[in-house]
Amino acid sequence: MYSSILNTDLNSQSYALLDLSAKVEYALLALLELASHHDKKVPLTMNEIAVKQPIPERYLEQILTNLRRAGVVQSQRGSKGGFLLVREPWQITLLEIVTLVEGERKEKENSETPTIEKTLVLEIWEQANAASIEVLRGYTLQDLCQERETRAQNSPMYYI
């Protein structure tokens, strides 16, 4: 019974056990844009980021403000102002970004008497959580930039 349930609905691409929030997605997209321009040392404005990525500008402002407060990006004022990454893209993991944007998750208080079944379920959830942390820790903004470049080179352009 267990495997038949998993093989039908849960292995499809439409089922997401770990939800990617809009806030995290937008932060990653904005940081990917900043990372792709990091070598130029030229700040990107919010408008330049919003033109390249489908992020509502008011939301983008909040995200960049939070990332600035967290020390991931810095802002420069003036006519040539905008946002820059503080560190190299290879130094910033996706886990760090998710944690900064979503905040630290607190462990659930457990006041109930543990049962064998409850302990088993919690152990499996801890394994799934640990696996997701390892995946996010294993990727950096630089990895995303490189993969984007690879995919852009491999996708043919059609001209009419």
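**Entry 1: an aromatic pair**

I began with Tyr 26, which is buried in this predicted model, because its relative accessible area of 17% falls under the 20% limit for that class. I then looked up Tyr 59, and at 27% relative accessibility I noted that residue as partly exposed.

I next searched for aromatic pairs, and the count came to one. A pair of aromatic rings is described by the distance of the centres and the angle of the planes. For the rings of Tyr 26 and Tyr 59 I found centres 5.3 Å apart and planes at 85°, so I wrote the pair down as edge-to-face. Because Tyr 26 belongs to helix H2 (residues 22-36) and Tyr 59 to helix H4 (residues 57-69), the pair ties together parts that are 33 residues apart in sequence.

**Entry 2: H2 against H7**

I stayed with H2 and asked at what angle H2 and helix H7 (residues 141-154) pack. I read an angle of about 75°, with the two axes 9 Å apart, and this makes H2 roughly perpendicular to H7. On the H2 side I listed Leu 31, Leu 32, Glu 33, Ala 35 and Ser 36 as making the contact, and on the H7 side Leu 141, Leu 144, Cys 145 and Arg 148.

**Entry 3: H5 against H6**

I turned to another helix pair, helix H5 (residues 94-102) and helix H6 (residues 116-137), which pack at an angle of about 115° with their axes 6 Å apart. The range that counts as roughly perpendicular runs from 65 to 115 degrees, and H5 and H6 are therefore roughly perpendicular to each other. I recorded Leu 94, Leu 95 and Val 98 from H5, and Ile 133, Leu 136 and Arg 137 from H6, as the residues that make the contact. The residues in the contact of H5 with H6 divide into five nonpolar and one charged, with no polar residue in the list.

**Entry 4: the hairpin**

Last, I looked up the strands and asked in which sense S1 and S2 pair. I found that strand S1 (residues 73-76) and strand S2 (residues 82-85) pair in the antiparallel sense, over four bridges. I followed Gln 76 across to S2, where its bridge partner is Gly 82. S1 and S2 form a hairpin with five residues between them, and in the turn I noted Gly 78, which has a positive phi of about 105°.

Conventions. Residues numbered from 1 in each chain as written. Predicted model: local features only at pLDDT ≥ 70, side-chain atom pairs only at ≥ 80, totals over all residues. Heavy atoms only, no water. Pairing = 2+ DSSP bridges. Helix = DSSP H or I, 4+ residues; strand = E, 2+ residues; numbered from the N terminus. Phe/Tyr/Trp six-rings, centres within 6.5 Å; stacked < 30°, edge-to-face > 60°. Buried < 20%, exposed > 50% of the residue type's maximum accessible area, 1.4 Å probe, protein only. Axes fitted to C-alpha atoms, helices over the stretch in contact; angles between N-to-C directions. Parallel < 35°, antiparallel > 145°, perpendicular 65-115°, else oblique. Contact = heavy atoms within 4.5 Å. Nonpolar A, V, L, I, M, F, W, Y, C, P; charged D, E, K, R; others polar.
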